[in-house]
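This report describes the secondary-structure packing of one protein model. Please consult the sequence and the structure shown below while reading.

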Amino acid sequence: MSFLPTTRQEMLEQGFDQVDFVYVCGDAYVDHPSFGCAIITRTLQVFGYSCAILAQPDWHNDEEFLQFGTPRLGFLVSAGNIDSMVNHYSVNKRRRDKDSYTDQGIMGKRPDRATIVYTQILKRLFPKVPVLIGGIEASLRRLAHYDYWDDKVRRSILMDSQADLLMFGMGENTIIEVADALNSGLQVQDLCYIRGTVWKTKSIDTIVDDYILLPDFNTVKKDKKAYAKSFLIQYQNQDAIQSKMLIEPYDGWYVVCNQPPLPLTQEQMDFTYSLPYERTFHPKYTYVPAIEEVQFSITSNRGCFGSCAFCAITSHQGRVISTRSTESVVEEAKKIIDMPNFKGYIHDIGGPSANFSRPACDKQKEYGACKTRQCLWPKPCPNLKVDHSHYVEMLDAVRQLPKVKKVFIRSGIRYDYLMYDKDETFFDRLIKYHISGQLKVAPEHVSAKVLDKMGKPRKELYLKFVDKYYEKNKEFGKNQYLVPYLMSSHPGCDLNDAIELACYLKKIHHTPKQVQDFYPTPGTLATCMYYTGLDPRTMKPVYVAKTYEEKLEQRALMQYRYPKNYDIVYRALKKAHREDLIGSGPKCLIPARRPKEAYTPNKKRKRVRER
C-alpha cells in the first residue's frame, strides 16, 4: 500500500482525475496511526472514499490550494497533531525555534491559527465546496474559549474560520457518517444530526432535542463569572451518554454543539489500528522528528478518567476508556518487528494513561461517566474497578515475541491507580521488565492546596508509591530511578506553595533539568481558573500567578541549586519571610553569601576590557 497522493502529479499517477476529499494539514504528511491525518484518511480510503493530502501548504500561494482541483465531496482541514499556537510559542509567548512535525524540524511551515487561515483561503477559492474542520485545534476551540496568546475570550473557531461544519473528538465514526451523508446528496447545512459535530444556524426553533442554552458570547467575553459558569456546563457535558446538546448564541447566529461521539468499541479500535499505514513519513521529506517517539510505539487505549485540571484529554477523547484486544496489539508489534530499522525495542505500549486498560466502572458502559463526580479524585470512587490484567496480558504477549528484547512503558502511568490495585502483578512486571533505567511519574506538586486545584492525589499517596517502588527495585535486584514531573505556577499555587515544593526537592536531592510551567491551553479547567481567578466548580476565588516576576520566582525555586537563580530565590525567600531557608543549616535552600557563579558580568564592560 502506497502513500496517499500529496501533489496533483501523484494524484494522476494513482489514477484519479478528482478525489472525494482533500485533507489540508498543518503537519508534514506522516502515515502513522499516531497522526490524526493518517487515521482519518486511511479510514476514508477503506470505506471507499479517495483522498489527497495537502500538507503544510504555503498560505501565501493560492496555487498550492488549487492544485488538486475541486474535490467531489469537500475539504478537510486540521492544524495538525498540536494546536498551532502551542506548536509555535512557549508559555512565555516566545517563538519556538523547532517544529517537530515538519521536515527537518524547520519552524514556520504553517501559519498561526492554521485552521482559520487554511479554511478562509479555501472558502475564498472554493465558495460552494463544503469545508469541514477537525483535529485538536478545532476540537478544543469548538465553543467560546479563553485564548492565552490574545489574552481574551475568542469566538467558536467555527465562527472565526467560517467553516461549514466542525468535527470534534476522535473522528473515525464521525467522518464516515459525514462522508456517507454528503455522498448521498445531502447538503452540508443539513448535517445537523451527527454526533461529534458543531454547526451554526440562525434559528433554533426547529431543534427538538433536549439542549442547554449557554450564556451568549457577548456576555462571556465581558463577564468572567458568566464565563466560568458556561465553562462548567461544558465541562460537565463531555460524556457521550450523559451530555446534552449545547447551544451558544452569537449576534444573529447560534453555534450548536451536538453530543460527543461514542467511545470506540474494542472491535472498532482494532479496526482503526489495522489499517494499511506506511508507518513513516512521506519519502519526499528528509526526516520528520515527531516520528522518533512513536515509530516503535503502540497505542493500546484512548480516553482518561484521571481528573487533572490542566489536561484537555477528556475534552477531546472523553473519560470512558476504549482499549484494543491483545491480538490487535500483537499484530501491530509484528509489523514493527519487520521494519528494517527495528533494533529489538518497543518504546511504548500505552495511551494518555498507559495503565488504564478498561473503563473506570461497569456503569460507564451503559450510563457513561458521572457529570459531577470524578473517578479518582478527591478519593477513588467506591465503584472504581482497579484491574491491570488486560494490560499485563498485552505486555506479556508482546514481550515474548521473537526479536523483541524489551518493551518499555513511556507514555506514563497513573501511580495512584497502580497503588489502588491489591494485585501487585503489574507493579512487579513494571519493575522487572518495562523500565528503561528510570520511570517518569507525575505527582505535579506536594502542596495539598495546589494538588486539590490540580485534581491530583495528596502527596502522602505519592510518598507511599515512592517507598514501594524502591522496595520492589531492591527485591528484584534493580537500580532504577524515579523522576517526578512537577509543575510551577498552576492556579492555586502561591509563593509559599512554591517554597514548600523547593524544600521537598532538597529533601529528595532532586533538581529538575527542565521546569514545566503551567500553560493555559484551550479546553482545560485550569485555564478557566487562570483567566477568571475562580474555580468554576465552587465559584470561589483562586490565586493565580500571572506576572513575569511571580512565574520566574516559582520556576527558580524548583532549580534553587543553580547559581544563576540565586538572586531570584533570595528575593523570593525574603518576600515570603522565609529567611530561615537562607544560610548554612541543613534545611537551607541557599547560602547567605552570594556565590561567585551568580555574578553576571556586564556585557558592554566585558567588550571594553577585551579591546
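Strand β11 (residues 245-250) is mostly covered, with six of its six residues buried, where buried means under 20% relative accessible area, exposed over 50%, and partly exposed in between (1.4 Å probe, protein chains only). The model is predicted: local features need pLDDT of at least 70, side-chain atom pairs count only at pLDDT 80 or more, and totals for chains, interfaces and linings use all residues. Residues are numbered from 1 along each chain as its sequence is written, and side-chain values use heavy atoms, with hydrogens and water left out. Helices (H or I, at least four residues) and strands (E, at least two) are DSSP runs, numbered from the N terminus.

## Strand β11 and its sheet

In a regular strand the side chains alternate between the two faces of the sheet. In β11, Met245, Ile247 and Pro249 point one way, Leu246, Glu248 and Tyr250 point the other way, and all are buried.

Which strands flank β11? Strand β10 (residues 211-213) runs parallel to β11 and is joined to it by three bridges, while strand β12 (residues 253-257) runs antiparallel to β11 and is joined to it by five bridges. Two strands are taken to pair if DSSP finds at least two bridges between them.

Axes are lines fitted to C-alpha atoms, for helices over the stretch in contact, and angles run from 0 to 180 degrees between N-to-C directions. α2 is mostly covered, as eight of its eleven residues are buried; among them are Cys37, Ile39, Ile40 and Leu44. Just after α2, glycine 48 takes a positive phi of about 95 degrees.

Five bridges join β20 to strand β21 (residues 481-488), and valine 441 stands opposite proline 484 in β21.

Helix α18 (residues 425-433) has Phe426, Phe427, Leu430 and Ile431 buried. These residues cover an arc of only 135 degrees around the axis, which puts them on the same side of α18; the arc is that of the directions from the helix axis to the C-beta atoms. The buried residues of α18 pack against α16 (389-399), α17 (415-419), β20 (438-444) and α20 (459-475), contact meaning heavy atoms within 4.5 Å.

| Helix pair | Angle | Axis separation |
|---|---|---|
| α23 (residues 548-558) and α24 (residues 566-575) | about 105 degrees | 9 Å |
| α10 (residues 224-235) and α22 (residues 525-532) | about 175 degrees | 10 Å |

α10 and α22 are therefore roughly antiparallel to each other. Angles under 35 degrees count as roughly parallel, over 145 as roughly antiparallel, 65 to 115 as roughly perpendicular and the rest as oblique. Lys224, Tyr227, Ala228, Phe231 and Tyr235 of α10 make the contact with Leu525, Cys528, Tyr531 and Thr532 of α22. By class, this contact has seven nonpolar, one polar and one charged residues. Ala, Val, Leu, Ile, Met, Phe, Trp, Tyr, Cys and Pro count as nonpolar, Asp, Glu, Lys and Arg as charged, and the others, Gly among them, as polar.

For α23 and α24, the angle of about 105 degrees makes α23 roughly perpendicular to α24. Glu549, Leu552, Glu553, Ala556 and Leu557 in α23 meet Ile568, Val569, Arg571, Ala572, Leu573 and Lys575 in α24. The contact of α23 with α24 has seven nonpolar, no polar and four charged residues.
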